[in-house]
Amino acid sequence: MAGSGGSLSRSGLRGREVELEELQAVIASVARTGSGGLALIQGEPGIGKTTLLAEAVSMARAAGFSVGFGKADELHHIVPLSSLAACVLHGDQPLLSGDAFVDLARNHDQRIWLVERLAEAIEARAGSVPVLIGLDDVQWADPLSRFALQQLPTRLRTSPVLWMLAGRPEPASPAEEVVAAATGNLPTITVSVGPLSGVAIDQLTIDTLGAAGDERVRDLLDGAGGNPFLAVEMLVGLRTAQASDEPVPPGLVVGVRARLKSLHPGTLRFLQMGAVLGRSFGFRDAAALSGQPTATSLAALEEAVCAGLLDDDGDHLVFRHDLLRQAVYVDIPPSARKALHREAAHHLVAAGHQPIDAVPHILRGALPGDEEAVALLRRAADDILPVTPGLAADLMTRALELVPSARPLRFAVGEQTIRCLTRAGRNREALSTGDRLLAARPPLEAFSRLQAALGGTLWNMDLAGELRRRAETALAMGGAAPEIGARLAALRALALSRDDDLVVARAAGETALRAATAVGDRDAHVLALSGLGEIAQNAGENAVALERFAALSAIDSAFLPEEIVAHLHMDDFAAGKRLLLQAANDAGAMRQAMMLWAQGQHDLGLGRLDDADADFVTMERLEDEVQVPVQQVNGRVIRSRIALLRGDREAAREHLAAARERLAVKPNPGNTAAVRFLEAVHAEADGDIALAADKIRQVQQIGPFMRWRLLRYWVDCAIRMALRRGEQELAEDLAAQARAHAERNPAVPTATGIAAQALGLVKRDPAMLEHSVELLKTSPRPLARAAASADLGQALLAAGRKREAVAALTHARDTFAECGAHAAAGRVQRHLDVAGDGSRRAATTQRPVQGWEALTASEQKVARLIAQGHTNRLAADLLVVSPHTVNTHLTSVFRKLSINSRVQLANLVMTLPDS
């Protein structure tokens, strides 16, 4: 293609043959393989990135791609999704309608939901035609678009979707973030656009002036440094200057000035107002800001377009290049710029624009004491909090800076700032901000509001003792509004849920609930029920915990995961499944990472180890995406136990290491107990029984409710470790805990069965172990049934009751094997071998690591559905799971099958026998 005629002969592409060939190659690769790709075009301003990107888009369109193309804007870089929206919401065949975003509700984790909706729309289009998503000036992409661009290329890597970005080479830029997130997951290339050669510059001169340049022209162009845009602007300026016989020194601004000098003053004013509004702006906005009649502004527009400074795309006016806008902008005195930005913000809001549209101008033009600017920042922060909490926190931090310390408004603004910082996960910053405001000795009512706002911050930081102290201080001081007093009482009860005296905590929670109900404050009601649910759960009162969490979920569906887990603790897996189905049909309304936690607990309880592992993988990924690690320690602890049950010691050790790393970040008592218990399990597996028993003692010392929440289903394992070490007293203490838990939950078969099992182990009583097996027959937890049967079999074997022992051990082995717990099945099989019953060996062979047989049952189902042409969403609906879980399964499928696209998967599945 290089050196041929056609598109390469156009002046904008002079000297770019090599770069175009690279881009054409990646376009062809995506079309040919059916898998994704990413190309980044990098270079300094004016070097020709936009022209290259536009040509690549044209080549892709000619090759049959469905194209979405957009451009980020410096002055609109904080408007959520403004950058990426142009790529998917506009064009001849929009990937998504604008109405699709209307139902963005104010719920938790909306960023995750939004990215998945975008992925589904793009994936659906890519099912019939390859897709190119192009974004120019990516360095100015808004935070939500940046978030989406970091997730989407990997999420859609198995579909023919090509991401093509153009931007400036800046350290830690959005482009670098996107490439880093995609690297290793899909093919990525970076096309570095450098200065043009002398030959190409000479050709540009002929294109622009109609003849080769003389020595004076060549000297002038040396100042362009091979930058094609600067070269052309200088040449155009030279042409203008030659016509007026005026000298033109080198430099872009001077070159533009040469053209601006001939413009009518009204046109220059119009252009300057446009430069203040941004590269893209509305005609009416610029006319209003310039204070000129519409007719005068229309004449100014026509002259600016004729001068080659502006383009009109039908909806907006656009500077032909951002460097042109900057050249006009820098000619406005700095003090005037600030005033014009402030005036622009006022006009935009008065004209009906959203507050977020005015924010870029507020940030450039507002001065301390500007209460209108503060109000706009507060409204904008409130609007964007669900999808870009980090940006909302930044806006509120700036709003707080604009309020002089002597004004009462500062405390109200500070309260909102604390809430936004906490929602963004910036808890230390929120606490520091709150303490600075409290040091200013606010009025009592403001004092109580600030302490209530800091409640969520302190809870997130695991500072329950400090939360209790502050809540009690604020309540004792008085002066709080009734709803704030109710919230403080509820926060105190929540903090008390971490104390040893749960009787006092429960009384405080009931009092707080009555206060919340009396004043009718929703936030106080949620906090009170949350505290009472925590208290009941910590006390091991499963039925009460379910009652509290069900009431909480009825008020705020974001707490549905807590209700589901509470049902599971009651052994009511049918109700848990029903609520999981409900959540699957309403994916936009839940904390999706926590829903995956609940799904994982459900699958683990039913012995679906493969599915549970995938659930916790997905949960951790979603928490990483929004940078809110809640259950990552517990998730890794469970995954390590699953790996040990399967017999994958290497994976188990990796998960233990990861759990320790995450414990260092969030070292609360619950996480500490979980990691210590896991260390005990690993020590036992390594044959170090002394260390295992020591770790169990450490778990016992952490706290009565923390250890019980952990050992609820694993106490039998801890007792075995204690007995192997000869720690009879420790074993009896653990058994007593199990008995107390069963007494609190007599209607829960798992609780009563494990208590009998614990007592049978401690007493070495086969009859009690037989009773435990009988009780657990109605438990829905197969791993608990298998463990009890294994204990019974060993006890019967030791008592010389071989025939009964073989029956119990065989049942345990087969149940473990059905769950995929091959290592556990293997250990039971060794006892059967000792009993002389090795002839009836069950299949305990582990899956291979590569190929179709390496896939889990769920992975095979997903693979067949995707091979049939279903999207992730359709596959999720058919399997009644989250699309995020389908994505996790699909990632594993492609890795195990060593393929990269859905086309390859379809071809492979076609060769398999029907199933």
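Which helices do the buried residues of H16 pack against? They pack against H11, H15, helix H17 (371-384) and helix H18 (389-402), where packing rests on contact, meaning heavy atoms within 4.5 Å.

Before going further, a word on the model. It is predicted, so local features need pLDDT of at least 70 and side-chain atom pairs count only at pLDDT 80 or more, while totals for chains, interfaces and linings use all residues. Residues are numbered from 1 along each chain as its sequence is written, and side-chain values use heavy atoms, with hydrogens and water left out. Helices (H or I, at least four residues) and strands (E, at least two) are DSSP runs, numbered from the N terminus.

**Helix H16**

Buried here means under 20% relative accessible area, exposed means over 50%, and partly exposed lies in between (1.4 Å probe, protein chains only). Among the buried residues of H16 are Pro355, Ile356, His361 and Gly365.

**Helices H12 and H15**

Two packed helices are described by the angle between their axes and the distance between the axes. Helix H12 (residues 283-290) and helix H15 (residues 334-350) meet at an angle of about 125°, and their axes are 10 Å apart. Axes are lines fitted to C-alpha atoms, for helices over the stretch in contact, with angles from 0 to 180 degrees between N-to-C directions. H12 and H15 are therefore oblique to each other; angles under 35 degrees count as roughly parallel, over 145 as roughly antiparallel, 65 to 115 as roughly perpendicular and the rest as oblique.

On the H12 side, Arg284, Asp285, Ala288 and Leu289 take part, and they meet Leu340, Glu343, Ala344, His347 and Leu348 in H15. The residues of this contact divide into 5 nonpolar, 1 polar and 3 charged. In this grouping Ala, Val, Leu, Ile, Met, Phe, Trp, Tyr, Cys and Pro are nonpolar, Asp, Glu, Lys and Arg are charged, and the others, Gly among them, are polar.

**A cluster of rings**

Rings of Phe, Tyr and Trp (its six-membered ring) pair if their centres lie within 6.5 Å; planes under 30 degrees apart are stacked, over 60 edge-to-face and the rest tilted. The count comes to 5 aromatic pairs. Two of them are set out here.

| Pair | Centre to centre | Angle of planes | Kind |
|---|---|---|---|
| Phe270 and Phe281 | 6.2 Å | 65° | edge-to-face |
| Phe281 and Phe319 | 5.9 Å | 50° | tilted |

Phenylalanine 270 belongs to helix H11 (residues 265-277) and phenylalanine 281 to strand E6 (residues 280-281), so their pair ties together parts 11 residues apart in sequence. Phenylalanine 319, in strand E8 (residues 317-319), is 38 residues apart from phenylalanine 281. Phenylalanine 270 is buried at 0% relative accessibility, and phenylalanine 281 is buried at 3%. Phenylalanine 319 is buried as well. Ring pairs link Phe270, Phe281, Phe283 and Phe319 into a cluster.

**Two residues further along**

Valine 519 sits in helix H24 (residues 502-519) and is partly exposed, at 36% relative accessibility. Leaving aside residues up to four places away in sequence, valine 519 touches Pro482, Glu483 and Ala486.

Histidine 602, in helix H29 (residues 592-605), is buried with a relative accessible area of 4%. With the residues up to four places away in sequence not counted, histidine 602 touches Leu568, Phe573, Lys577, Leu580 and Arg608.
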